[in-house]
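Work through the exercises below with the sequence and the model open. Try each task before reading its solution.

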Amino acid sequence: MKKVYLETYGCQMNVSDSERVSSVLKSDGYEITESEEEAEIVLINTCSVREKAEQKLYTRVGQIRKESGNDKKVGVLGCVAQLEGETLFSQNRGIDFIVGTKAVGRISSAIDASFKGEKDFIDLGERENEYDWSVDKDYRHSKYIAFVPIIEGCNKFCTYCIVPFSRGREISLAPAQIIRQVLTLRREGVREVHLIGQNVNSYRPKSTEGLEDFHGATPFSRLLRAVAATGIERIKFNTSFPRDFHPDIVDAINENENLCNWVHLPVQSGSNSVLRAMRRGHTIESYFERIDKIRESPRRIALTTDIIVGFPGEAIEDFEDTKAAVQYCEYDSAYIFRYSPRPGTPAFERADDVSFEEKTRRFLELESLQKINQQNALESYLGRKVKVLVEKNSTRNIDELSGHSTCHKVVNFKGSSEMLGKIVEVKISEAKSFTLYGEIC
Ligand code: 5AD
Ligand code: SF4
């Protein structure tokens with residue numbers, strides 16, 4: 001049995017692809033190892049969303065070749081593979097084969113070809129029609145939580161973003177297939193599913209078979225209600241795109257307890273002129289309308305976001321608008337990024353005119369503002385009870401367990417390993433460093 005070591009960078013879609021790569025390799029007779037040293041094959045599932053993520057690939061290939069000479073086969077998967085294609089071979093002689101984002105189901109053929117001596121093997125082809133989206137339970141990132149892709153690709157072409165080029169056009173999975181998968185996961189003991197896609201609320205399947213019995217203003221909100229009806233205990237979903245975020249999604253959350261009270265809604269900027277230049281298709285006012293609807297929910301929905309600072313042409317007044325938006329939305333947490341020009345995107349054609357130092361200054365300023373919001377949001381849970389899925393022993397203390405609440409906060413509390421996989425109620429007594437602490441009630 002040949003041993004494969006697989007490492008994954010980037011978003012949930014990449015993690016999810018890697019889970020399926022491991023499943024396919026297992027059924028084709030490979031062993032997945034945790035030890036890079038033992039492996040005969042190293043696979044790197046890459047991310048290209050920002051330059052830094054992309055550079056990781058080159059650093060890692062260099063390290064692998066330095067440590068093990070030419071003993072191992074090195075395969076590159078994911079977004080960098082798809083975008084760079086065969087130019088990767090000439091840029092980096094340490095790479096043996098390349099498998100694009102849609103070709104991951106054929107990973108075994110790529111490895112075979114490489115072992116048979118085929119040099120510079122590359123597969124950037126389309127996904128097989130009968131592609132199996134399920135994951136072997138041994139290779140899910142968690143025993144109790146499963147990612148379920150519902151839409152892949154992106155048609156939005158925000159001007160800074162490489163994803164529409166690396167992941168291609170939006171393709172929605174059939175509702176019946178998604179529901180079948182969730183039912184199987186539930187039978188296997190999974191307690192929480194994450195419906196994932198670059199842009200879940202653009203979900204638009206070719207056929208609505210499986211959604212007939214469910215109301216909802218959009219196919220996505222009907223899908224949410226259909227998945228809720230499977231009886232799986234918790235459902236989370238991301239990422240949402242503001243323009244397509246229909247208020248009915250909030251109604252679906254209000255009507256179904258197992259739809260978790262957490263929405264990730266990337267704003268990217270608070271300035272209408274920057275939003276226009278990013279071609280986001282929303283104004284800050286229309287974004288705030290979505291936020292108001294979310295905040296009106298009796299379920300107290302947690303809200304998180306992504307923000308880019310230093311987009312080309314972002315003047316200090318634009319940045320002030322972003323600060324104002326962060327204050328208005330009082331996010332539970334925010335991922336803040338410095339703009340990184342990506343070759344091939346429309347924004348790459350514009351001068352990257354906010355200096356790195358200024359981007360960093362804006363990043364730090366926004367981060368410290370957001371830290372206060374985050375701490376306030378955490379403190380608002382003091383004395384309250386939250387339902388936590390017990391995922392693992394905490395890294396700090398062996399008597400402590402750790403999991404996420406329905407509102408997607410990390411919660412640590414005292415307890416023993418028998419509780420792993422259970423959903424418990426925890427009364428919150430402390431809120432610090434991005435984490436809630438409490439006791440089981
Ligand atoms: N530069 C910086 N951040 C980016 N993101 C996407 N593309 C870029 C880029 N070129 C961020 C966005 C997106 C998140 C996943 O990554 O905020 O929502
Ligand atoms: Fe990128 Fe915009 Fe698509 Fe999100 S919606 S993946 S930011 S192009």
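**Exercise 1: Cysteines**

A search of the whole structure finds zero disulfides, a disulfide being a pair of cysteine sulfur atoms within 2.5 Å. The model is predicted: local features need pLDDT of at least 70, side-chain atom pairs count only at pLDDT 80 or more, and totals for chains, interfaces and linings use all residues. Residues are numbered from 1 along each chain as its sequence is written, chains are lettered from A and ligands numbered from 1 in the order in which they are written, and side-chain values use heavy atoms, with hydrogens and water left out.

Solution. 
1. A disulfide is a covalent bond between the sulfur atoms of two cysteines.
2. Cys11 has a relative accessible area of 34% and is partly exposed. Here buried means under 20% relative accessible area, exposed over 50%, and partly exposed in between (1.4 Å probe, protein chains only).
3. Cys154, at 9% relative accessibility, counts as buried.

**Exercise 2: Salt bridges**

Solution. 
1. Side chains of opposite charge can pair when their charged atoms come close. The criterion for a salt bridge is a side-chain nitrogen of Lys or Arg within 4 Å of a carboxyl oxygen of Asp or Glu.
2. Helices (H or I, at least four residues) and strands (E, at least two) are DSSP runs, numbered from the N terminus. Both Asp244 and Lys156 are buried.
3. Glu255 is partly exposed at 46%, whereas Arg225 is buried at 4% relative accessibility.
4. Glu320 is partly exposed at 38%, and Lys323 is buried at 15%.
5. Glu320 and Lys323 also belong to a network of salt bridges that includes Glu314, Glu358, Arg361, Arg362 and Glu365.

**Exercise 3: Backbone**

Task: locate the cis peptide bond from Asn238 to Thr239, and the positive phi values of Phe157 and Arg279.

Solution. 
1. Most residues other than glycine have a negative phi, and most peptide bonds are trans.
2. The bond from Asn238 to Thr239 is cis, with omega near 10°. Thr239 is in the loop between β11 and α9.
3. Phe157 is not a glycine, yet its phi is positive, about 50°. Phe157 lies in the loop between β8 and α6 and is partly exposed, with a relative accessible area of 28%.
4. Arg279, also a residue other than glycine, has a positive phi near 55°. Arg279 is found in the loop between α10 (272-278) and α11.
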